[in-house]
Amino acid sequence: MEENKEQEIQKEVSAEETPQAEKGETTDSQSENSQQPEEPKMPEITYQTLAILMKNLPNGKVKKEYEAEFDVATLKTEKGNSIASAEFEGLQAVGLDYFPEEKKIKGIPTAAGDHKITIRYKLGDWTDGKPVLLYTFTLIINPDPRVLWNNTPTPETIEYYKPDSDKAFVQAGDKNMAAASQRGRSHAHEGNSRDDDFALHFDTKTDWYALVVADGAGSAKFSREGARIACQTAKEICEAQLSKDGIAEVLDLAIAEYHKDDSDKNRIELYQSLHSEVLAKAAWSAFENIVKEAQAKVEPVKQKEYATTLILSIAKKFEFGWFVGAWWVGDGGIGIYQKENNQVEILGEPDGGEFAGQTRFLTMGEEIFKDRQRTYFKIVKDFTALVLMTDGITDPKFETDANLKRIEKWNALWEDLNGANEDGVKVDFTDDNAQAADQLLRWLDFWSKGNHDDRTIAILY
Amino acid sequence: MRGEPIEAIRVGLETLVASLRQDPFALENAWLSVITFNRTPQPILPLTELETLQIPAIPQPEAAGTHLGEALEFVCKKVDAEVTLSSPERKGDWMPLLFVMCNGKVSDTQLFSQTVPLLKRKHFGKIVACLVGHHPVTENVRQFTDNILSMDTADSSTIKTFFEWVSTSVSVGNRSIGATDELVLPPPPAEMNAII
């Protein structure tokens, strides 16, 4: 039935067109003889829609070279007709073209969107007067995600406001410290606050370094403050404990004894002093301060609204080498990178879940202090860098927990920091470079597909 | 559901995908799978990343019946096969979100009762049921979710609003799972009723 109808339409069209064409011819012949020529009329073209059986073209991406196999010669209409010739309408407008010799549609897409592309085509048996057929399909060009990100400043009026980025440089003793923290694109896109935080401290009296980074949970309302309290408290408690007479000497002695003889007895003594008097004490105080803050609110909230991870590290140079201790809950990472002997020491284990984004938090309280060992320490002769990172950096740079232990990944990170990246951003780790923190902050802007969390890094080098 | 509403859903899905493409986070992270069901579930779109995804035509149902149990069982199998969990050597996926659109009736009650506990163990970030039609039956879907929306008519504009809402839910969902295990969805569109 339908085919008949189609033929009827075609007949109708040709019935209309043929006389016109004939008229055209007569007009032409008349014009040669007649003195008053009629103006020549452009032959009218009629169009009909008829679907073509074809696979959808693959989606493209703005500014990214596009190439798809396409051969008009092998196309068939839904009625099985072959196609003699075809033109595309709408392809060039998006930066693409059809290349019949190569049997390809290619180019570099210029505009994102669901573009309507029309093929105007003629059937194999087309003659003058027959309708030109049309078929419209959709070609999807994805936007370049880089241009979709907004950068909306965090309103300064929000509770617990903190700047969208932060940095610090501490020139001290044998090594320097630099840290930087940058709000992630996913937060910047919606004008939400940075949830990460950090703290650095060098005690000129005791020569102890302290570095802390924390990552507030994206889903917790006041995690930005949780991370800040965690960093500040941990730093202050370490500082206070390490300058207490009874503790500093005991710890120094335990470290020296352990270096002389790494017996179980010496290890346990060192561990206990480090854990109970300094690291776990600092972490527990951080937890307590968060709980206090949550309860002190006019309308008290649960401490999980302040959910944050915490990586805390202290380091000191002795005659025999460097002692580094750490306490860690959550994701991210901490490692002592030794470029010279191609080694890395990871000071703990990241807490991960079954799904992306799942981890454990300081604010889980008691269970975090009971579930497993979280205090680690190591004595090394020397090192290139002690690096603490939140998952905004470990996710793109290490991807998996297993990779965090691989020296190749650390070598790559170090080269990356030293300028081996697509933006050519270099952090100059020479001794008296006061710009190191600014450079580090700039480095944090690196692009990594799908990784747009807050990023914080603290380095002792 | 037959005829026009089916086409409205296809258009709605296109709206969903087009709007997710405007969200830079979703564009790089979201994957989508579409399964239709009547007497049997039929995957019309396998799990596909947003960048390469194209919404196919949705076939008109040939058989009557609402075998929701079978459909959910199918979803469970797909989750097992397609969702990557974290391991030391592999980064896990985000928790999946499940949106179920149906009339709320269940023809395969026995399988449905068996499947609900399985479904609940699959760790979805959120399950949302969207019931279509006047006087929707809520007691079945309530067994697996508290997030129930309903639309009186499956006209194209209401369906479009629903999918726009799904799009914002996905945008919120794929970045906020963590400490507060509850994922908070945006308020449902005014055209739809939230069933409490």
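The lining of the second largest cavity comprises five nonpolar, two polar and two charged residues (Ala, Val, Leu, Ile, Met, Phe, Trp, Tyr, Cys and Pro count as nonpolar, Asp, Glu, Lys and Arg as charged, and the others, Gly among them, as polar). The model is predicted, so local features need pLDDT of at least 70 and side-chain atom pairs pLDDT 80 or more, while totals for chains, interfaces and linings use all residues. Residues are numbered from 1 along each chain as its sequence is written, chains are lettered from A and ligands numbered from 1 in the order in which they are written, and side-chain values use heavy atoms, leaving out hydrogens and water.

Searching the whole structure gives two cavities of 30 Å³ or more (a cavity is a set of points on a 1 Å grid over the protein atoms alone where a 1.4 Å probe fits but cannot get out, and lining residues have an atom within 4 Å of a point; points are joined across faces, edges and corners, and a volume is the space filled by probe spheres set on them). The largest share, three residues, belongs to α4(A).

Helix α4(A) also packs against α6 (residues 264-296) of chain A, at an angle of about 140° and with the axes 8 Å apart (axes are lines fitted to C-alpha atoms, for helices over the stretch in contact, and angles run from 0 to 180 degrees between N-to-C directions). α4(A) is therefore oblique to α6(A) (angles under 35 degrees count as roughly parallel, over 145 as roughly antiparallel, 65 to 115 as roughly perpendicular and the rest as oblique). The contact residues of this pair divide into ten nonpolar, five polar and three charged.

In chain B, the axes of α3 (residues 68-82) and α4 (residues 109-120) come within 8 Å and cross at roughly 30°, which makes α3(B) roughly parallel to α4(B).

Conventions: On a 1 Å grid over the protein atoms alone, a cavity is a set of points where a 1.4 Å probe fits but cannot get out, and a pocket is an open set with protein on both sides within 12 Å along at least five of seven lines; lining residues have an atom within 4 Å of a point. Helices (H or I, at least four residues) and strands (E, at least two) are DSSP runs, numbered from the N terminus.
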